[in-house]
Each structure stands twice: as structure tokens, then as C-alpha cells.
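Let us take a friendly walk through a protein model, one chain at a time. Keep the picture open beside you and look for each part as it comes up.

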Amino acid sequence: MIKSTEKTFLLFLLLISVGFVAHAYAAAPPLTMQIFSSSSLSGTAGDFVTVQGQIMNTGSKPLGDVTTYLSLMDNQNKLPVDLEDWSAEKGLYIGTIDAGQTLPLNWKIHFVKAGTYSLIMIAEAAGYDSPQVSSITQFNVSPKRNLNPKQVLPVALGTPIVLIFIVFLLAYRRRVEE
Amino acid sequence: MFTHIWKKEIRGELYTWKSMLWLVIASLLFSFTSYLLLTNQELSLLDQTELLWLLGKIMIGVALLIVTIDASSILNVEFEKETAESLFLSPISLRDLILGKLFASLTLWAAIFVISIPYIVVTSAGSHLAWAFMGYVALLGTLGVVGLVFLIFGISLLYRSSKNTITTALIILLAFATPALFTSTLKNDIVSQTFSAINPIDNIFNSLDNVLVDYKTSLLDNWQFLLPLIVFCVVAFLFLFLSAKRFTKQGIIKND
Amino acid sequence: MPDIISAENLKKSYGGNIAVDKLNLHIKKGEFFGFLGPNGAGKTTTIRMITGILKPDYGTIMIDGHASSEKQKIAQTIGVIPESRGFYDWMTAIEYLGFFADLYGITGKEKEKRIASLLSEVDLTKRKHSRIGTYSRGMRQRLGLARALINNPQILFLDEPTLGLDPQGQEDIQSLLKKLNAKGVTVFLSSHLLNEVANLCSRIGIINNGKLVAEGTVSELQEKTKLKDKNLTDIFLHLTRNNQ
């Protein structure tokens, strides 16, 4: 027969366990994300680069329905960047990641506009309300300096100049005729 | 006989600078547009095919606008400057006059097309679409210009006034052009779809889309767009024919 | 001698107003015919009907044996200084006459020769390379006459050819017209200048309110109006005032 004090203690332990379990499910999943290519990320507007990283399950249990996302912030304008033009792959679905397992992450992104940016990875898993975020990686995108794409300048400048020259030639010829 | 009128018009356009100024403005527009589009393409914000489609629309749009302004006054100016009576006392007929002036308007379009060729070549480099682009701009532009000029000449003969003709012609051009700017959602109802099917500018733009974006370059693939354009030319010609008959009945000097 | 111009029962109205009413005109080849009338009498309307610019409501017209519907043949036969005197201001005189020579099918050396000759006749040789936009009114009148003569017409229709010219200019045009008439060109002259008509014309027609009120030589008109010692001005005023 269990005495009343023992009953109370067991109830207390039960409540604390429930509390821990509840807390565990409100927390972010036990994942660590890292970007490898932070130093080589900088480039020029128009470049296509691959962001390489990895995700590791630091917990003791497998995690299911894991999806990772990139998030980009424009540091100069202090605005989030709409990734529509920057990356075709906004989310990478991993599925299940076992405890202690490390998996690679690769995103192809397109440097659309010059500036300085902050990049983070976000991961979410089934059963967790909050996502896990990586540390911030900063990089620069230099402006594109090509003023003459596809050799358009000779045509863009030359054609009107030739026409203007023809106008003056006609005017001169007319004056001479008169 | 009409060739003398044609030659006179060309010389007049060259020596009065009117057309030359328009050609310079057109080429500046093409320069600005192609430079802007190509720098955007460098950032791959724009596919090359989409770039060509945009440029093609601008080229034909600018040409239609310039030809509209030119054609609106080219006939009436003879009456307004009081040179018509001397002309009609000579052996030329109204048919010769209209034909000569029509060819003058077409020559203006041809000049705009020739100016656009270097831009077409440079923007379509590497796309294997240069010839298709050039060919369809020529074909679609010519059909659009011919139909529009027939229509405007018919209006000219009815109004006998450059001011009224140009106002009406620009309103008609605007009426054709505005729906082409609508999004696909707005074009979904039956009224919009019907208008789009007969609207010459919609057919020109849709055909360019078909050729440049969807790579359907054969005439057969574009027949659904070319046929309405041909019908437009025929209907406009009939309108001109009837206007000319009415004009002849009224006489060069209108009964007041 | 057959009629070179024959107009029968010509009628033209604008809206409800009758501009020309049952007009009959017969002009012989080689005549210098003067056509007089006050403003709004129907002179210009008559000339326009005869030259084919205006379609009559009623009546028939024959020019040198050709019906008015044979436009091409009539155009080759006549030369006209019309009432509306527009020019292509950007053209030079040579270009202008060259353009009309082309319309009449005159080409090559013949074209060059004729242009040079006409410019000399109207005294515009020195300004042949100048734009018409820089011409005075008198120079434009002379150029208009040169254009009317480009096809060597058999009949010349002139609607106020000396309007706005100084006396010297008028004299020059009149002597040119006399010369042409002497060569056999039939001249149909519409003018307000009664002295001019009296000096040049062998026969005169006077129109008033759309009707031909008198026709004949000056003596015949004097006889008809019983104004034997009066000049053409008096006859004209008598006929046009009485018929109002």
C-alpha cells in the first residue's frame, strides 16, 4: 500500500515530467546548421553561386519532416529580400534525420542586386512549434560593371549618331542646291 | 503615275526634316530600350526570349504610332495647303494620289524597320532567333501598318481635316493598344476574348510571343494571328474604297 | 469654226443656293474670252465645272470634242491657274515644274528644255533654285502660270491671273497671254480688272447671280445695252446692277 506522502511525491514527479515533455515540444528541434562557404560567398551581381552547408541532428531521437529554408536580409536598406529572383529553391525538404546524423545542404542562388546581405538558415521539424536558426553569415555582392552587354553600345550610340549625321548631310546638300 | 506622287512625298519628308526627326527619335527609343533590356538580361532578370518579345512590341508600337501621325495628315495636307486643285487638274486620279501616299507611308515604316535591324541583330545574338525575329517584325509590322494606313486614309477622305483625322486615328490606336496591356485575368471574359481575337495589335503581340517565347516560328503556327490581321487589312481597304467613292461623289471641292 | 469649249445648260447649287443656273457657253478655238462677274456671281464655279474639278448638277460639257468624263484627255488639253494657289513651299521652281512635267508624262531632254523655256518666259530663271517658300506673291503667280503652261495646253483657263501683281507684273503677264493667244492658244480669262479684259479679250461674257446676262464683243455689248459711248465698266455695272 502506497502512503499518502509517497502518492504526493509521485504525482509531483508526474507533473514535472509532463511539464518537461510539454516544454520539449514548444522548443526548437535539436538541429545545428552551418554554412561552409561563407568566405567564398561574395561575388558580383549576376553571378550564380552555391551556398554549401550542413545540418546535424544533435538530439537523441530521429527527427521527421525536416525542412530547411534560406532567409536573406538586405543590410543597407534593412529590409528582408524576396527570394523569388534569388533562388528557385526556397525550401529543401530533408525528411528524416537520425540522431547524430549530419546531412549536406546546397542552395543555388543568383546574386541579383549589389549590396551587403545577411544570410541565415532556418529548419523546422514535425512536432516542434518553433524553428531552429543558424548563425548569421554576411556577404557582399559587388555591382556589375559591364557597361556594354553583348556589345550593344556601338549600336545604341551609333545608330542615332548616323541618323543625325544623315539629317545634317541632307540639310547641307539642300543648302548647296539652293 | 503614282510613283511621281510617291517620290514627291519622300523628297518632301526628307527635305522638311519631319520624318528624319521621327526616325532619330525612334532610334533613340530603341537604343534606350535595348540597352536597358540587355543590362537586365545580364542579371538574368530577363530571359532573352522575353527581352526580344518586349523589344519587338516596342518596335512595332513605335512604328504604328509614327505612321499614324504621318498618315493622318499626308492626304489632307493637299487640301489644307490648297495644292489639291492643281494636282487634280493634272492627269492623276484619286487612285494615283492615294497609292502614292500609301507607298510613302509604307516607306516610312520600311525606314523604321531598317533602323531596327542592328538592334534586332545585337539583342538576338546567341538565341538562333534573329531571322525569325526580323522576319516576323517585318511581316506583322507591315500588315499592321497597311491596315492602319487604309483606315486612316478612309477617315481622312471623310473628314477632309488633318486635325480631326489625327485625333480620331490616335483614339483608334489607343483603343487597339490599351487591351494589350491588360493582364491575362482581365482578358478572361468572352467580350475581352472576342475583342482580342480581332484586335490587330493583340494579334501582332500574341504572334510575337508565339514565335519568340514559344519558338513556334512557322507561318502555319501563327496562322491564327495572321488571318485576323489580313482580315483587318481587307476591311480597312473596303472602308477606304467606300470613303473614296463618297469623296469622288462630293467632288474635290465639297458642296457646302 | 467648231467650238473648243461647249457648255450647255450648266447648273450647280450648294445646299439651297443656286450658284450657276442654266449657263450656256460656246467658245471658238483661238478666242481670247473674258469672263466677268461680281463677287459670288458664279465665275469660279463655272470654271471649276468646265475644268472638271466640280461636277455640275445638270448639263453637258465638251472640251475639244471630249466629254467632261474623259478626264485624262481633257487634262492634257488644258492648263489652269485655279483660284486656290497653293504650292509646295519646300520645292524649288525647277523641282515644282519638274514634278508637274512628270505628271503630264514629259520626260528627259524635252522636260529640261520646257522648264528652262517657261522659267525664262515668266522671268524666274534667276530664282529657279530658290525654295518657293521664299517667293513673293508675284513670283508665285508667275510660277503658277508656268505650271499651267507645262503641258503646252491648247486651252488656258485663268482665274484672276494678275491678282496681287504690281502694274509691271500685270503688264508682263498680259503680254505673255497675248503672245500665247497669237500662237493659237484659246484663253478663258476670269478677272475683275475690266481694263485688262477690255484690252485682251476678243469676246466677253458677263455672269451675274449664276446666269449669263450678256455675251459678245465690246461693241456687241454696247449695242445690246444701248450704251454705245460707254466703256466696259459702265456696261458691266449696268448689266449687273439691273439684274440683282
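## A leucine in chain C

C:L156 is found in strand β7 (residues 155-159) of chain C. Helices (H or I, at least four residues) and strands (E, at least two) are DSSP runs, numbered from the N terminus. The model is predicted: local features need pLDDT of at least 70 and side-chain atom pairs count only at pLDDT 80 or more, while totals for chains, interfaces and linings use all residues. Residues are numbered from 1 along each chain as its sequence is written, and chains are lettered from A and ligands numbered from 1 in the order in which they are written.

Is C:L156 buried or exposed? C:L156 is buried, because 22 other C-beta atoms lie within 10 Å. A residue is buried if 20 or more other C-beta atoms lie within 10 Å of its own, exposed if 12 or fewer, and partly exposed in between, with C-beta atoms placed from the backbone. Leaving out residues up to four places away in sequence, C:L156 touches C:G79, C:A148, C:L180, C:V185, C:V187 and C:F188. Two residues are in contact if their C-beta atoms, placed from the backbone, lie within 7 Å. From C:L156 to C:L193 there are 37 residues in sequence and 18 Å in space, C-alpha to C-alpha.

## Two loop residues

C:D123 sits in the loop between α4 (108-121) and α5 (137-148) of chain C. Its phi is near 60°, a positive value in a residue other than glycine. C:D123 counts as partly exposed, because it has 15 C-beta neighbours inside 10 Å.

B:Y215 lies in the loop between α10 (200-212) and α11 (223-250) of chain B. The phi of B:Y215 is near 60°, a positive value in a residue other than glycine. With 13 other C-beta atoms within 10 Å, B:Y215 is partly exposed.

## Helix pairs in chain B

The table sets out two helix pairs. Axes are lines fitted to C-alpha atoms, for helices over the stretch in contact, and angles run from 0 to 180 degrees between N-to-C directions.

| Helix pair | Angle | Axes |
|---|---|---|
| α6(B) (residues 94-123) and α7(B) (residues 130-159) | about 155° | 10 Å apart |
| α1(B) (residues 2-15) and α6(B) | roughly 40° | within 7 Å |

By class, the contact of α6(B) with α7(B) has 16 nonpolar, four polar and no charged residues. Here Ala, Val, Leu, Ile, Met, Phe, Trp, Tyr, Cys and Pro count as nonpolar, Asp, Glu, Lys and Arg as charged, and the others, Gly among them, as polar.

The other pair, α1(B) and α6(B), is therefore oblique. In this contact B:F2, B:I5, B:W6, B:E9 and B:I10 of α1(B) meet residues of α6(B), among them B:D96, B:K101 and B:F103. The contact of α1(B) with α6(B) divides into eight nonpolar, two polar and three charged residues.

## Where chains A and B meet

How many residues does each chain bring to the contact between chains A and B? Chain B gives 23 residues and chain A gives 21. On the chain B side, α1, α2 (18-42) and α6 each supply at least two residues. The largest share, 12 residues, comes from α2(B). By class, the side of chain B that touches chain A has 16 nonpolar, six polar and one charged residues.

## Chain A and the confidence values

Chain A has two helices and 10 strands, and along the sequence they follow the pattern α-β-β-β-β-β-β-β-β-β-β-α. Of its 178 residues, 21% count as buried. Among the contacts in chain A with a separation of 6 or more, 72% come from residues 24 or more positions apart.

The predictor's confidence in each residue is called pLDDT and runs from 0 to 100. Chain A has a mean pLDDT of 81, and 81% of its residues reach 70 or more. Among the elements of chain A, helix α1 (residues 4-26) has the lowest mean pLDDT (62) and strand β9 (residues 132-133) the highest (91). Chain B averages 88, with 94% of the residues scoring at least 70. Within chain B, confidence is lowest in helix α9 (residues 190-198), at a mean of 81, and highest in α7(B), at 94.

Conventions. Angles under 35 degrees count as roughly parallel, over 145 as roughly antiparallel, 65 to 115 as roughly perpendicular and the rest as oblique.
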